Amino acid sequence: MIRFTDITNEILKYHPKANLDLVEKAYVYSAKVHKGQVRLSGEPYLSHPLEVAYILSTMKMDIVCIVAGLLHDTLEDTEASYEEIKRLFGEETAVIVDGVTKISRMKFSSVQERQAENIRKMILAMSADIRVILVKLADRLHNMRTLGYQPLDKQRRIASETLDIYAPLAGRMGIFWIKSELEDLSLYYLEPEAYNKIKSEIARRKGEREKFIQEVCNLISDKLSELGIKATVKGRHKHFYSIYKKMIDQNLTADQVYDILAFRVIVDSVKKCYEALGHIHSMWRPVPGRFKDYISVPKMNMYQSLHTTVVGPLGEIMEVQIRTWEMNAIAEYGIAAHWKYKEGGGINKTDEKQFAWLRQLLEWQQNLRDPIEFLESVRMDLFPNEVYVFTPRGEVREFPKGATPVDFAYSIHSEVGHHCMGAKVNGKMVSLRYQLKNGDVVEIITSPKAHPSKDWLEFVKTPKARNKIRQWINSQEREESVALGKNILERAIDQVSELDWASLQKDEQLLSVAKDLSLHTLDDLYAQIGLGKISPKQVVGRLRQRLGLQEERSLGIVTKMVRRLKRRKPTEGIRVRGVSDVLIKFAQCCNPLPGEEVIGYITRGRGITIHNQNCRHIQDADPERLVDVTWESSDEETYLARLRITSIDKKGILADISAVIAQKDANIIQAEIKTTTDKKGIAFFTIEVENYSHLKQIMDAIKKIRSIIAVERA
């Protein structure tokens, strides 16, 4: 059992001038409030917070964090209150203890991969102080070390939760020694047979392995020393869980896994890292495809190192990692390393890529030399634009910040959204405009009589909710337009003595007129009349023509335009979600093809223009005017595509290109060719294709022609 002096001795190693009064005060307080409590192992409960605080001290954490480790279970398991912790130990400590308590109370009903990732994000987002996560990981690590005292079913549940949530969380924090130990402990309880096979296989070869490891360490160290590179070389077996994953991924037995040895070379500078790599490759043959440069491109959790796999002495496959001392500290302790390493010289802070929250933490830390000031800067939501909430069944759902219960309702099902009449959050009724917060448990109340309101569009945040509400409103407006249009047309026909409303509907003359106007059904016709897009006189005029009645007046410009319109295909191969009676045209800027992701843009007065999803012309378009569209299957229609082909200027190249296009059953509509001053040919071909896949086949075939330099869509 860890003693209090073990903790203080560890603190003084890295912080000789530390004021230990607060730590001692926390120890005494924790002992008092946990008095009489016993763990399943039979040890006093105080042993657990002591172990947690000791783990944090080995991570070289600050005094406040270690004090929080000693107190982390007081709010959950004793009569201590938040206000008392705040009064005795300060607000910082109270916030950390409260944060750990909240995480401990979370119930995880599902550990599917996506669900687990959302839970990990949620834990991070709920933590106002990064040290909450560090205390929780230390807490989980000691609980896993003593898991054997729990019942078997609880062992498996906790081990599964640890493997799915807490081990990856430690990895995201960059604390790989905790990640590896949590994974190995989880494997022991989840797959004991596999664990023991790996353990016995390593034990069987332990003597020869240890001798081999020492020989390789000496070889690398001597070689680098001869070349003037001062290096510390360490060797080890890979962790059990990483060996187990290799067995599963490659369908191997424990004795068939060969690359189970890993060596670490630690040098003084980045330059020496690359020099050492070259010398190691000169000693042993590298395995192709197994080199990773995480120094030039760090992982999102700030990890940096060179990784290579080589065929070592005796044909042994082994991994070698090369890094600086600072990189090694970050690899071991992750974000916790910054309490000791404050210079942060290893990572390029001007890197424009967004490496998520740990990248931001590092950039802040590089500008803040005081750890306390650093902590103040990171006291914020780590995912400021995301909110994670629970369903009543315990599933986690992700939403943009500002999302409401209506967004939540539509995320479950469209019908739940359409009939949403209220919501409960954490058991209390809230407004539909309520903005969801991390950790909320949301329950939707529905009614068959409830329907979406246009007002909802003012506060919903998710595209799905917005689109579904619009579709429902459009549907309702269409019903009203159909009823209105039908009434208007009936009155117009009643005013013509030669026409009879009832008989016209029976002999399908009206439906024929609707199809003349490129409409599919009578409801489409009525809706267009109700919306004012088609005049009832226009319909009456067409009816007179069909019935051979004398025209009251000559054809006007409107009729001529309608006749032009009827020659267009009704949908042009596109279906607009929720709408079926609108004019469609394809954007000439991107010429979208079936098979590509497309989106519609409402062009006022000219219907909907279809663009490729990635078209630059709609990147900044008004989202209110964007509509979801999909391709309708068609074997008859063809589409235009324009290709720009760059080649070496030589005789016969045009004929070769034309032949390939013809072989792929495409028709050339237009071709333009020009020659550049550097003896290159640039050809523009406009061709007819069936879909995007057809175009891709043609482009791939052209690329295989000798002398072709590039083929791209123009």
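At what angle do the axes of helix 6 and helix 7 cross, and within what distance do they come? In this predicted model, the axes of helix 6 (residues 82-89) and helix 7 (residues 91-104) cross at roughly 145° and come within 7 Å. The crossing is right-handed. On the helix 6 side the contact is made by Tyr-82, Ile-85, Lys-86 and Phe-89, which meet Glu-91, Thr-93, Ala-94, Val-95 and Asp-98 of helix 7. By class, this contact has five nonpolar, one polar and three charged residues.

Helix 1 passes helix 3 in a left-handed crossing. Phe-4, Asp-6, Ile-7, Glu-10, Ile-11 and Tyr-14 in helix 1 are in contact with Leu-50, Ala-53, Tyr-54, Ser-57 and Thr-58 in helix 3. Seven nonpolar, two polar and two charged residues make up this contact.

The axis values for both pairs are set out below.

| Helix pair | Angle between axes | Axis distance |
|---|---|---|
| Helix 6 and helix 7 | roughly 145° | within 7 Å |

Elsewhere, Lys-136 is located in helix 9 (residues 130-145). Is Lys-136 buried or exposed? Lys-136 has a relative accessible area of 5% and is therefore buried, the cut-off being under 20%. Its side chain joins that of Asp-139 through a polar contact of 3.1 Å. Leaving aside residues up to four places away in sequence, Lys-136 touches Val-100, Ile-103, Ser-104 and Tyr-166.

How values were computed:
Residues are numbered from 1 along each chain as its sequence is written. This is a predicted model: local features need pLDDT of at least 70, side-chain atom pairs count only at pLDDT 80 or more; totals for chains, interfaces and linings use all residues. Side-chain values use heavy atoms; hydrogens and water are left out. Axes are lines fitted to C-alpha atoms, for helices over the stretch in contact, and angles run from 0 to 180 degrees between N-to-C directions. Helices (H or I, at least four residues) and strands (E, at least two) are DSSP runs, numbered from the N terminus. A crossing is left-handed if the near helix is turned anticlockwise from the far one by less than a right angle, and right-handed if clockwise. Contact means heavy atoms within 4.5 Å. Ala, Val, Leu, Ile, Met, Phe, Trp, Tyr, Cys and Pro count as nonpolar, Asp, Glu, Lys and Arg as charged, and the others, Gly among them, as polar. Buried means under 20% relative accessible area, exposed over 50%, partly exposed in between (1.4 Å probe, protein chains only). A polar contact is a pair of N or O atoms within 3.5 Å; within protein, one must be able to donate a hydrogen and the other to accept it, and residues adjacent in sequence count only if both atoms are side-chain atoms.
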